[in-house]
Amino acid sequence: MNRNWMKVFVAAFLEIFWVIGLTHAYDFWTWTGTVICIIVSNYLMITAAQVLPAGTVYAIFVGLGTAGTVIAGFLFFGEAFKWEKVILIATLLAGVMGLKLVTPDKAEKGAES
């Protein structure tokens, strides 16, 4: 896995924090952390999409961020665990992984960096 794909995964990880921050931020420091996560997350996604296929980058970014946010809701915020949600998130992740697998390497111009 190259550096640009790592940027996408780090951006998705940070997306989880800023989405949670939008709901749970309550003072200057939590809002500051949320804004920083938004800026860094989007910067990483945009810079990766300049080299990798933009549609694939965005789908992976949003898919992993969504899955992580739902899982965090289950684990840390007392959201009701529903098998339907788990099945739908697994379907979403399968689609995202499939999209990554079928994206041809030759479309990744400059991806060797």
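Helix axes are taken here as lines fitted to C-alpha atoms over the stretch in contact, and the angle between two helices runs from 0 to 180 degrees between their N-to-C directions. In this predicted model, helix 3 and helix 4, the latter formed by residues 83-102, pack at an angle of about 155° with their axes 9 Å apart. Because angles over 145 degrees count as roughly antiparallel, helix 3 is roughly antiparallel to helix 4, and the crossing of these two helices is left-handed. On the side of helix 3, the contact is made by T56, A59, I60, G63, L64, T66, A67, V70 and F74, which meet K85, V86, I89, L92, L93, V96, L99 and K100 of helix 4. Classed by residue type, this contact of helix 3 with helix 4 holds 12 nonpolar, three polar and two charged residues.

Helix 1 and helix 2 likewise pack at an angle of about 155°, their axes lying 8 Å apart, which makes helix 1 roughly antiparallel to helix 2. Helix 1 passes helix 2 in a left-handed crossing, and residues of helix 1 including V8, L14, F17 and W18 meet a set in helix 2 that includes W31, I38, L44 and M45. The contact of helix 1 with helix 2 divides into 14 nonpolar, five polar and two charged residues.

The largest nonpolar core comprises 15 residues, of which W5, V8, L52 and V57 touch the most other members. Helix 1 (3-24), helix 2 (28-49) and helix 3 (54-76) each supply at least two residues of this core, the largest share, six residues, coming from helix 1. Beyond its neighbours within four places in sequence, V57 is in contact with W5, V8, M45, A48, A49 and L52.

Key
Residues are numbered from 1 along each chain as its sequence is written. This is a predicted model: local features need pLDDT of at least 70, side-chain atom pairs count only at pLDDT 80 or more; totals for chains, interfaces and linings use all residues. Side-chain values use heavy atoms; hydrogens and water are left out. A nonpolar core is a set of buried Ala, Val, Leu, Ile, Met, Phe, Trp, Tyr and Cys residues joined through side-chain atoms within 4.5 Å. Buried means under 20% relative accessible area, exposed over 50%, partly exposed in between (1.4 Å probe, protein chains only). Helices (H or I, at least four residues) and strands (E, at least two) are DSSP runs, numbered from the N terminus. Contact means heavy atoms within 4.5 Å. Angles under 35 degrees count as roughly parallel, over 145 as roughly antiparallel, 65 to 115 as roughly perpendicular and the rest as oblique. A crossing is left-handed if the near helix is turned anticlockwise from the far one by less than a right angle, and right-handed if clockwise. Ala, Val, Leu, Ile, Met, Phe, Trp, Tyr, Cys and Pro count as nonpolar, Asp, Glu, Lys and Arg as charged, and the others, Gly among them, as polar.
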